Amino acid sequence: MFTQTDYSGSRLDQYKMLSKQLDALLEGEKNNIANLSNASSLLNQFLERTNWVGFYLIEDGELVLGPFQGLPACVRIPVGKGVCGTAVADKKTMLIEDVQAFPGHIACDAASRSEIVIPLMKEDQVIGVLDIDSPELSRFTEEDQQGLELFTEVLMKHL
């Protein structure tokens, strides 16, 4: 059973606790949709000042909407397009301070101002992305990036 935790210490310490919580939450469950759903929910309750937290998964060479928390979203994103598609093409995390300044940004929610996208890697292949949007400029830091990359590493043990 899930119980909410008091997160204390540095921001990175908080992300480490969150990742341990994720590992325990997903332990023994093999269904990817269930695990991604709980991961997006856990992140949504942990993160402040965000308006969308979720996953896109590679299907037939493009990103397709997966489990998420937030307003309805774009269903399909071509690889190489927008922040999510670029993260897949480059196989690297994209930390975007101002999405309106990102060439080719795909605006699924006009309220989004900053974004972080972390590729989900399995055997050196991208299988999807974790996408988080905020209505604030420069919401995400390098510390958030490190913490979210740790979170996705733990998540990938369960996918």
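The buried residues of α4 are covered by parts that include α1 (11-26), α2, β1, β5 and β6. Contact here means heavy atoms within 4.5 Å. Helices (H or I, at least four residues) and strands (E, at least two) are DSSP runs, numbered from the N terminus. The model is predicted: local features need pLDDT of at least 70, side-chain atom pairs count only at pLDDT 80 or more, and totals for chains, interfaces and linings use all residues. Residues are numbered from 1 along each chain as its sequence is written, and side-chain values use heavy atoms, with hydrogens and water left out.

**Helix α4**

- Among the residues of α4, Asp144, Gly147, Leu148, Phe151, Thr152, Val154, Leu155 and Met156 are buried. Buried means under 20% relative accessible area, exposed means over 50%, and partly exposed is in between (1.4 Å probe, protein chains only).
- An α-helix has 3.6 residues a turn, so residues three or four places apart point the same way.
- Helix α4 has 15 residues. From first C-alpha to last it reaches 21 Å, close to the 21 Å expected at 1.5 Å a residue. The expected span is 1.5 Å times one less than the number of residues.
- At the start of α4, a side-chain oxygen of Thr141 comes to within 3.2 Å of the backbone nitrogen of Glu143. A polar contact is a pair of N or O atoms within 3.5 Å; within protein, one must be able to donate a hydrogen and the other to accept it, and residues adjacent in sequence count only if both atoms are side-chain atoms.

**The sheet**

- Six strands form an open sheet in the order β3-β2-β1-β6-β5-β4, with antiparallel pairing. Two strands pair if DSSP finds at least two bridges between them.
- The edges belong to β3 (76-78) and β4 (94-96). Each has a single partner strand, so one side of each is left without a neighbour in the sheet.
- From one strand to the next, the twist averages 25°. Axes are lines fitted to C-alpha atoms, for helices over the stretch in contact, and angles run from 0 to 180 degrees between N-to-C directions.
- In a regular strand the side chains alternate between the two faces of the sheet.

**Helices against the sheet**

- Helix α2 (residues 32-46) lies across β1 (52-59), β2 (62-70) and β6 (125-134). It runs at about 50° to β2.
- Helix α4 (residues 142-156) also packs on the sheet, touching β1, β4, β5 and β6. Its direction makes about 30° with that of β5.

- Strand β4 is joined to β5 (residues 114-122) by three bridges, and the two run antiparallel. Leu95 stands opposite Ile116 in β5, and Met94 stands opposite Val117 in β5.
- Seven of the nine residues of β5 are buried, so β5 is largely enclosed by the rest of the structure.
- Nine bridges link β5 to β6, which run antiparallel. Met121 stands opposite Val126 in β6.
- The hairpin of β5 and β6 has two residues between the strands, and Glu123 takes a positive phi near 50°.

- Seven bridges pair β1 with β2 in the antiparallel sense. Tyr56 stands opposite Leu65 in β2.
- The hairpin of β1 and β2 has two residues between them, and Asp60 in the turn has a positive phi of about 50°.
- Three bridges pair β2 with β3, again in the antiparallel sense. Leu63 has Ile77 in β3 as its bridge partner. Five residues lie between these strands in their hairpin.

**Cysteines**

- The structure holds one disulfide. It is formed by Cys74 and Cys108, with sulfur atoms 1.9 Å apart. The cut-off for a disulfide is a pair of cysteine sulfur atoms within 2.5 Å.
- Cys74 lies in the loop between β2 and β3, and Cys108 in the loop between β4 and β5, so the pair ties together parts that are 34 residues apart in sequence.
- The torsion about the S-S bond of Cys74 and Cys108 is about -125°, so the disulfide is left-handed.
- Cys74 is partly exposed at 21% relative accessibility, and Cys108 is partly exposed at 31%.
- Cys84 is buried, at 3% relative accessibility. Its sulfur is 7.6 Å from the closest cysteine sulfur, in Cys108, too far for a bond.
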